[in-house]
Amino acid sequence: MFAAMVAAMDEGVGNITETLKSSGLWDNTLIIFTNDNGGQVFAGGNNAPYRGNKASYFEGGVKGVGFVSGPVIKTPGVINQQLMHVSDWFPTLINLVGGSLNGTKPDGYDVWSSIVNNATSPRDEIIYNIDPKSPRKGKSVSTVFDTSVQAALRFGDYKILTGDPGYDKWVPEPTSPFYLTPNQYYISSSDQNVYLFNIAKDPEERNDLSQSHPEIVDMMLQRLAKWNATAVPVNYPPIDKNCDPSLRGGVWGPWM
């Protein structure tokens, strides 16, 4: 099923591209193809060699991949490994088309030069999440930030995870005979609630630095505390049964 969905998506993108070309719109078009999170390893996805799964805060759950394509790209083939967050698309695209950001306060940065020229990204920090409503894990080991709270932050080359970061295994490539069963999904290898990794040197997150670099842990926790102080209260609204797609012929879409 997963392979069929990928094949259908590929065909659909090809159809759109051919339509843009045949209608004369291709020369003024930029195609952005990107994911929103890591793959679900129990439903055909795979994040090898990265650690974790969709909904976890290890790289396998949060690292996104994608590409931009179109005649506007003057230097095709650039491979970019620099920091970018989904919020960066808004100012990037507004500036690209000659729009104005006056009257707005975007959280993102214009990263166009980084995308097309591999210039240094203006972004050096990403807050993946701070979720006080997620089940706590263990006891806090810091007075700066409650490390039992589920949170994750990237700053420069370093990434810190607190609380329960989610599924923490390395799932081999599909060619491996290794097989996962659903009951393995929530198994965590320890009660640990602080992890620190140097993602630039250790993208697979195999070398936890939380014990050997307490000063970096403290700095990262201070940054989490700083951002947490600006957060508004979390609101998880109750389930609205009117969202059921079976009420609209099986189609997912807006509802009242």
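Guide: The side chains of E125 and R223 form a salt bridge, with N and O 2.8 Å apart; a salt bridge here is a side-chain nitrogen of Lys or Arg within 4 Å of a carboxyl oxygen of Asp or Glu. E125 belongs to strand β3 (residues 125-131) and R223 to helix α5 (residues 214-228), so the pair ties together parts that are 98 residues apart in sequence. Helices (H or I, at least four residues) and strands (E, at least two) are DSSP runs, numbered from the N terminus.

Visitor: Where do these values come from?

Guide: This is a predicted model, in which local features need pLDDT of at least 70 and side-chain atom pairs count only at pLDDT 80 or more, while totals for chains, interfaces and linings use all residues. Residues are numbered from 1 along each chain as its sequence is written, and side-chain values use heavy atoms, with hydrogens and water left out.

Visitor: Is E125 buried or exposed?

Guide: E125 is buried, at a relative accessible area of 9%. Buried means under 20% relative accessible area, exposed over 50%, and partly exposed in between, using a 1.4 Å probe and protein chains only.

Visitor: How many salt bridges are there by this rule?

Guide: The count is seven. One of them joins K159 to E59, whose closest N and O atoms are 2.8 Å apart. K159 is in strand β5 (residues 158-162) and E59 in helix α2 (residues 59-62), 100 residues apart. Both residues, K159 and E59, are buried.

Visitor: Which other residue does K159 form a salt bridge with?

Guide: K159 also forms one with E205, at 2.9 Å between the closest N and O atoms. E205 lies in the loop between β6 (194-198) and α5, and K159 in strand β5, so this pair ties together parts that are 46 residues apart in sequence. E205 is buried, as is K159.

Visitor: Changing topic, what does β5 pair with?

Guide: Strand β4 (residues 150-155) pairs with β5 in the antiparallel sense over five bridges, and β5 and β6 also pair in the antiparallel sense over five bridges. Two strands pair if DSSP finds at least two bridges between them.

Visitor: Which residues are bridge partners there?

Guide: A152 has L161 in β5 as its bridge partner, and T162 has V194 in β6.

Visitor: What is in the turn between β4 and β5?

Guide: The two strands, β4 and β5, form a hairpin with two residues between them, and G156 in the turn has a positive phi of about 65°.
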